[in-house]
Amino acid sequence: MQVDAVVLDIDGVLVDVADSYRRAILESVDRVCGKPIDPAAVQAFKDAGGFNNDWELTDAAALFVLARREGLRMDIDEFTDRVRELGGGLDAAKEVVGDLPRVAQARVRDQWDRDALRETFQALYLGSELYRELEGGEPPVETDGYIHDEPTLVDPETIADLTARFDVGVLTGRPAAEADIALERVGFDVPDDRRFTMDDWEEGKPHPRALVELAERFDAERVAFAGDTLDDVRTARNADEADATRIYYGIGVLTGGLTGDSGREKFAESGADAVVEDVNELVDLLE
């Protein structure tokens, strides 16, 4: 695969977030709504699309729990399938909850505390010390922070090889401060003009604007974008459609929620040009 530039996602590609971000989603819903959801639900929402922002995924998972409590007759697969059919994302989740009678919808809205969900999520993920530093104020729960439980997935040699051969950027749904922490952990120094975080663009994946803009900054003709979710591949496909002057390759990485043969199949169905077991395989894949 011949390219001029490589763009990398962070979560599930450079660092493993199974015991950090994904754990924070599950525990935030449990703490605020009083009922846990199955860990597989997180990937079901990711596959539905439009949940690059884990705060919004947490909100949607809480909506599901509350709607079930008020009589919604759907399991998580039926709920997320319907979300996907409606275009994905939090707005679609709210539309699915609209199937409830109006009185039940009102009860769901009254119980749906997005501020509490976000504050709990950040307290669990960041831990008390970082919460006070980055969020300000006192955390709703005292913890060490799951951010410290993120094993690295990329070898230093891979970073050195890619940066020696290509222009390399980062496209992530993390806030900038949390992206800095992850990039420092893996030893990857990325200038501000070579990355997009949650703080830099409103649309989020799979909208192509950020990827196209990075390609323009690199003056690249062929760009590979590697990520661990279907929305990462969809971002590349959307960029390919939006920008006729360049070629964009979407590469699925099997170190996030999608794994094994089923992960490969889902990536292929979403238009992936290649699927790799981990980000270190890019060294041999890219020319």
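Modeller: Here it is; keep in mind that this is a predicted model.

Colleague: Which residues of helix 4 are buried?

Modeller: Helix 4 covers residues 76-85, and its buried residues are F79, T80 and V83. Looking down the helix axis, these fall within an arc of 90°, so they line one face of the helix.

Colleague: Why would residues a few places apart point the same way?

Modeller: An α-helix has 3.6 residues a turn, so residues three or four places apart point the same way.

Colleague: What do the buried residues of helix 4 pack against?

Modeller: Three helices: helix 2 (40-48), helix 3 (54-69) and helix 5 (90-97).

Colleague: New topic. How many cavities of 30 Å³ or more does the structure hold?

Modeller: One. About 290 Å³ of space lies in the largest cavity.

Colleague: What lines the largest cavity?

Modeller: There are 24 lining residues, and D11, K46, N52, D54 and G173 are the ones nearest the centre. Helix 1 (21-33), helix 3, helix 7 (114-134) and helix 11 (230-242) each give two or more residues to the lining.

Colleague: How many of the lining residues are nonpolar, polar or charged?

Modeller: The lining of the largest cavity has 11 charged residues, seven nonpolar and six polar.

How values were computed. Residues numbered from 1 in each chain as written. Predicted model: local features only at pLDDT ≥ 70, side-chain atom pairs only at ≥ 80, totals over all residues. Heavy atoms only, no water. Buried < 20%, exposed > 50% of the residue type's maximum accessible area, 1.4 Å probe, protein only. Helix = DSSP H or I, 4+ residues; strand = E, 2+ residues; numbered from the N terminus. Arc of directions from axis to C-beta. Contact = heavy atoms within 4.5 Å. 1 Å grid on protein atoms, 1.4 Å probe; cavity = no way out; pocket = protein on both sides within 12 Å on 5 of 7 lines; lining within 4 Å. Points joined across faces, edges and corners; volume = space filled by probe spheres on them. Nonpolar A, V, L, I, M, F, W, Y, C, P; charged D, E, K, R; others polar.
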